[in-house]
Amino acid sequence: MRHIRNFSIIAHVDHGKSTLADRLIQLCGGLEAREMQDQVLDSMELERERGITIKAQSVTLYYTARDGERYQLNMIDTPGHVDFSYEVSRSLAACDGALLVVDASQGVEAQSVANCYTAIEQGLEVVPVINKIDLPSADPERVIREIEEIIGIEAKDAVRVSAKTGENVPELLETLIRRIPPPKGDPDAPLQALIIDSWFDNYVGVVSLVRVVNGSLKVGDKIRVMSTGRTYNVDRLGRFTPKSVAERELATGDVGFVIAGIKEIDGAPVGDTITHERRPCESPLPGFKQIKPRVFAGLFPVNSEDYESFRDALAKLRLNDSALHYEPEVSGALGFGFRCGFLGLLHMDIVQERLEREYHLDLVTSAPTVVYEVVRTDGSVAYVDNPAKLPPQNEIEEIREPIIIANILVPPDHVGAVLKLCNEKRGVQKKMQYLGTQVSLQYELPLAEVVLDFFDRLKSVSRGFASFDYEFSHFQKAPLVKLDVLINGDRVDALSIIVHRENAYQRGRELVDKMQELIPRQMFEVAVQAAIGSQIIARATVKPLRKNVLAKCYGGDVTRKRKLLEKQKEGKKRMKQLGQVEIPQEAFLAVLQVGRKS
Amino acid sequence: MPLADVPLSLYVHFPWCVRKCPYCDFNSYTLRDELPEERYVAALEADLELQAREVAGREVISIFMGGGTPSLFSPEAIARVLAAARRHLRLADDVEVTLEANPGTIERGRFAEYRAAGVNRVSLGAQSFDAARLEALGRIHSPRETVRAAEELHAAGLTNFNLDLMYGLPGQDLPGALRDIEQALALEPAHVSHYQLTIEPGTVFAGVRPSLPTDEEIADMLPPVQERLAAAGFAQYEVSAYARPTRRCRHNLNYWTFGDYLGIGAGAHGKLTSAASGTIVRTSRIREPRRYLSSSAEPPVRREVQPAELPFEFAMNALRLTEGFSMGLFSRRTGLGAAAIEPTLSVLETRGLVARDGDRWYPTVVGLRFLNDALIEFLPDTPESAGKLRLSSAP
């Protein structure tokens, strides 16, 4: 146990985490050079393209240090985006230390700060690392000051490396062994293993990555997953080097994988504790939470024949993504589909993209919404994840919206713009601190406003310099109303949104204008109206097309005329028919494009 | 259902113009050297002789000489072409023989000579009577020349003539469009073709887009124009065609009722039904005139129209007619039963684009304006057939 080091790398997107991980694996001989593929840790194609890690993975490396001893280094990867903060916290809980990697020219970003605080709160030893020192714009001294001022940890001795060139990476390994403590834990105590991550494998079922905190785990053991109480037999144990290597046992302090014939991803939830059936531990490890989706949207196949394959695709994605929720939804406008719940907008994007890319589905998405807590006049409380399902106004006592705590880091030059944005988004300032070259802001913000376009707006008003992290805080009463959209007098359920009363008129105006832009001219006039209850608050008109006919048609070549008509037909296919009106798919997301003054 | 005897027409294409108009997407070419009249007529004769074998014994109800500018060809040349037609084909006693003419190419006495050659109907490309509009359209003729050509037609006894007019022209307003109609009516034509100027791909205007009136302005020109034409005794019978009683163009009507036609000349297309084999074949000739000259004695490119394509091809023509078509005509022309087209028609009926009267289906007033929206419903679901079509019709 003395020779084990369990650690994570905390870094902002693009600060070089994956490159550094690759370099460490290479230095420790984890993979032959010819097997070395850049950034092995980010295995999914999508993750590579977006430059983020979606699911945690781990690698066990063996390193012979300058003191002549051989160490086992368990590097536990963490997801790198605000939507996955719970998964990050569980990955960190499995570690005894963390490398805080900061880009030598870009400096500290909010996401690293938040993760770093999580690490410090959990008692991890944080080792600062300055990366990309090979860049001409590198300014390690400034970044060191930032780390000290913003995060508040000693950084004078920060290791300065270039993961790209490999410069100083051996020194980093030595520092890691010296600074990060070996795991503590009682080998003789009853088994307590923390589930860091679980994923579904087509051949063996659920594979769980665990950290053995106390006791030990052997092949053939009968284990119990504490939150569900269900028991399983351990079929296989092992670790990734990064190739998977079978083991007979995982001892105290070890990190490795367990395969125990678990058939559903919910059978081994992240953050849960595994113990022995025969000699169970008294209580589970702290910090376990059932994660709840916060953002919901209706997804509908463009072609109704795709409904069944859509259902199958969701079931397959769900095997590996316990945060994805879905249930059937029927929309008057869009037909049969599924109401899907996501951790956040990024999560939603990823799922949607995978459905389209890996399962070749053509989908229409209704505007994403958060979950509202609705108190009825009879005192009962309902959670509404679909504006169309909001009870009638006269049955509502109050509506409470989810509030988040947002931590924002921004250079002083852009503070004004960010404050203005937070204000516009109904934010309440909780803290503002000038920390050297950065300003740290803490705001309470309605999640609904963040879901809309906050992240994009923040980036644009700060010219990309502001960074942002959030966590759910509480539900709070607000004067919210349902804004409906009527097309030629018919309410379109998939276009309803819940908005703050003060913004309702402006949103309604912008929404109908945007729809007017997106709906092509048709044979008849199309009236687009925004309404609160029975009151129309905005209206726009799509002027009718006056004619659509070929002026001349004689005995000549029919091919070209036919091609022209086939093009018109293809265009129509991509639209959804609402009564007589044809609405392009983008119009259903128009709500995402309003509320921004570009 | 068997294909019944289908009326037959003859189309003869003359590909050259003094100058190609910037809006024109027909197979026409600016004449740069001397007109190869003798060689082209000889090529037409060879083409006609070869293709006539396909229709041996069938009566020809109409001949249309279009272009390009057929009136660039001398009355002698036209006489030779018509003589060849008489030699190789069985022409109906009352065969309609139309010649397209550009007012800018007509010398005094010429129409009488065309008439003597066998022409009994003329289509005159007037387009507009406003000199500024004509210039914007790149036309070579003046309003004065159109008036003179019409006078010549009357003098020659060719009173069965059509005037082509365009509307929605650059700089045109409603009074301007109505003035054009007045001046056209003053020339006492038997038929008026009134087209909206549309910008077609591959034309000069598609590259350098002229500034046109708005869609609304253009659409608003039509009802007063139609009213004026109706008051003068010209009834609309097709999207762009208006005629005095009994003066409808028989040749074009044969296209719109899905009749057969031989296509002779550069880039000419034909459509032939074989009642015996139950097939419909489209033929096409090489577009480029010089290459046509050396290949007109070889068989044209042939492509069989698949049954799945027939409802669309039939509707594309027949629904252009204000009176539409009877289910009987559909079956006689396509060999298909009503089930092949009626479900689509019923859907369009609920959308108000077509209506029925007994067994006759016809486009509504709205349907005539939005014919494309109706026609796409007849397209087969896979555009595969269109691919085949492209493949073999391109020479």
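**Ground rules.** I noted that this is a predicted model, in which local features need pLDDT of at least 70 and side-chain atom pairs count only at pLDDT 80 or more, while totals for chains, interfaces and linings use all residues. Residues are numbered from 1 along each chain as its sequence is written, chains are lettered from A and ligands numbered from 1 in the order in which they are written, and side-chain values use heavy atoms, with hydrogens and water left out.

**A salt bridge within a helix.** I then turned to Glu358(A) and Arg354(A), whose side chains meet in a salt bridge at 3.0 Å, N to O. These two residues, Glu358(A) and Arg354(A), are about one helical turn apart because they lie 4 residues from each other in helix 8 (residues 345-358) of chain A. Helices (H or I, at least four residues) and strands (E, at least two) are DSSP runs, numbered from the N terminus.

**The sheet of chain A.** I traced an open sheet of 8 strands in chain A, with the order 11-10-16-7-8-15-12-13 and antiparallel pairing; two strands pair if DSSP finds at least two bridges between them. Its edge strands, each pairing on one side only, are strand 11 (231-233) and strand 13 (244-247) of chain A. Strand 10 (residues 222-225) and strand 16 (residues 273-276) of chain A run antiparallel and are joined by 3 bridges, and here I found Arg224(A) opposite Thr275(A) of strand 16. Strand 12 (residues 236-240) of chain A pairs with strand 13 of chain A in the antiparallel sense over 4 bridges, and a hairpin joins the two through 3 residues. In this pairing Phe240(A) stands opposite Ser244(A) of strand 13.

**The sheet of chain B.** In chain B I looked up an open sheet of 3 strands, in the order 15-17-16 with antiparallel pairing; its edge strands are strand 15 (325-326) and strand 16 (354-357). Strand 15 and strand 17 (residues 360-363) of chain B pair over 2 bridges, and the bridge partner of Phe325(B) is Trp361(B) in strand 17.

**Where the chains meet.** Next I examined the interface, where 31 residues of chain A are in contact with 45 residues of chain B, contact meaning heavy atoms within 4.5 Å. The two chains bury about 3,800 Å² between them, 55% of it on carbon and sulfur atoms; buried area is the accessible area (1.4 Å probe) that two parts lose on being put together, summed over both. I counted 8 salt bridges between chain A and chain B, and I also looked up the one between Arg521(A) and Asp215(B), with the closest N and O atoms 3.6 Å apart.

Which residues does a cis peptide bond join in chain B? I found Gly67(B) and Gly68(B), with omega about 20 degrees, and Gly68(B) is in the loop between strand 4 (59-67) and helix 2 (75-88) of chain B. Most residues other than glycine have a negative phi, and most peptide bonds are trans.

Conventions: A salt bridge is a side-chain nitrogen of Lys or Arg within 4 Å of a carboxyl oxygen of Asp or Glu.
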